[in-house]
Amino acid sequence: MTTGERDVRGTRDVRGERDVRGQQRLAERFEEHRGQLKAVAYRMLGSLAEAEDAVQEAWLRLDRAGGDGVDNLGAWLTTVTGRICLDLLRSRTARREEPMSEGFDTFVPDPVVSALPRTDPEQEALHTDSVGIALLVVLETLEPAERLAFVLHDMFAVPFDDIAPVVERSPAATRQLASRARRRVREATPAAEPDLGRQRQAVEAFLAASRAGDFEALVAVLHPDVVLRADAGALARGVAASKVVRGARTVATGAFHFRHLAGLARVVLVNGAVGTVAVSEGQPRSVTCVTVADGLITGLYILSDPERLARLDLSALEV
């Protein structure tokens, strides 16, 4: 090998090392923002698996771009992730022939389940920013561009000037999208008791009445206008397993028929609120998120889709 060949090879090696180090630094910088990006994608999509895919796609786009000329990486990644999610939502809408069909109404977003903390104010404070299942259900009713504008601006303080190019509207029109979404969210999201202790009292009263087969006690713990949404998965949609049920006595009748699941249920946190997970032979049978107001249960959101349940991370519960 000549001296010139050695010099060229040495230069390539040095450049290669620099490229590897540069990519490693870029990956490290990306990891600093991964948590927020997943939070954005989860609020946009309501699916933990799709949120992971969106975040991975954001990394691939950053890797291709190289990060050159990006002054604020967090803001850049947030808007890129939002654009990816917007495309996914639009493709959903295109595939869905009847967007407000009964099957769509019964959709329950992927729950985030964790062990119920002890009465520790600092521990409970960790869950104050959790996004509730009830809110995610309402977000599902928004148009994709409305959802993006609301999530990015109202939840993550992204300026309208940065959101506007993503939704291909002017900043003023983007502001109107968020305003319209905000109004719909405010009107449709049920009031909720923030205190975990009072939430737990209502949930445990419901479980006790179910286990005892006490129909009137079930009715007593439910708000007269309570709404139950049960999502048993795509294969079960269109039959009784997936449905929307309204009214205390109607919901209590369903709970009475499925009271055997109450015997399998344990109290947990679901998206930062008190809920339950029913476990049989080490496998989750259902996850229920509960909304409580004035000591009464106002909403029950039940996921019993076996495929989606199997993908949930329940390691914190030692299932």
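Two residues are in contact when heavy atoms lie within 4.5 Å. By this criterion, residues 24 or more positions apart account for 65% of the contacts in the chain with a separation of 6 or more.

The model is predicted, and local features need pLDDT of at least 70, side-chain atom pairs count only at pLDDT 80 or more, and totals for chains, interfaces and linings use all residues. Residues are numbered from 1 along each chain as its sequence is written, and side-chain values use heavy atoms, with hydrogens and water left out.

**The whole chain**

Select the entire chain in cartoon view. It has 14 helices and seven strands; these are DSSP runs numbered from the N terminus, with helices being H or I of at least four residues and strands being E of at least two. Of the 319 residues, 45% count as buried. Buried means under 20% relative accessible area, exposed means over 50%, and partly exposed lies in between, computed with a 1.4 Å probe and protein chains only.

**The sheet**

Next, select the strands. Seven of them form an open sheet with mixed pairing, in the order β1-β4-β5-β6-β7-β2-β3. Two strands count as paired if DSSP finds at least two bridges between them. The edge strands are β1 (113–114) and β3 (243–246), each of which pairs on one side only. In general, strands of a sheet pair through backbone hydrogen bonds, either parallel or antiparallel.

Begin with residues 222–231, strand β2, and residues 296–303, strand β7: the two pair in the parallel sense over six bridges. Within this pairing, arginine 229 has tyrosine 301 of β7 as its bridge partner.

Now display the helices that cover the sheet. Helix α10 (residues 196–212) packs on it and touches β2, β4 (265–270), β5 (273–280), β6 (283–293) and β7, and its direction makes about 35° with that of β5. Helix α12 also packs on the sheet, touching β2, β3 and β7, at about 45° to the direction of β2. For such angles, axes are lines fitted to C-alpha atoms, for helices over the stretch in contact, and values run from 0 to 180 degrees between N-to-C directions.

Move to β4. Five of its six residues are buried, so this strand is largely enclosed by the rest of the structure. On one side, β1 runs antiparallel to β4 and is joined to it by two bridges; valine 113 has valine 270 as its partner in β4. Strands β4 and β5 are likewise antiparallel, joined by six bridges, and valine 268 is partnered by glycine 275 in β5. Select asparagine 271 in the hairpin of β4 and β5, which has two residues between the strands: asparagine 271 takes a positive phi near 55°.

**The aromatic pairs**

How many aromatic pairs does a search of the whole structure find? There are two. Rings of Phe, Tyr and Trp (its six-membered ring) pair if their centres lie within 6.5 Å; planes under 30 degrees apart count as stacked, over 60 as edge-to-face and the rest as tilted.

Select phenylalanine 30 and tryptophan 59. Their ring centres are 5.4 Å apart and their planes meet at 55°, so the pair is tilted. The pair links helix α1 (residues 3–45), which holds phenylalanine 30, to helix α2 (residues 48–65), which holds tryptophan 59. Both residues are buried.

Finally, select phenylalanine 215 and phenylalanine 256, an edge-to-face pair with 6.4 Å centre to centre and 80° between the planes. Phenylalanine 215 lies in helix α11 (residues 215–221) and phenylalanine 256 in helix α12 (residues 248–257). Phenylalanine 215 is partly exposed at 21% relative accessibility, and phenylalanine 256 is partly exposed at 24%.
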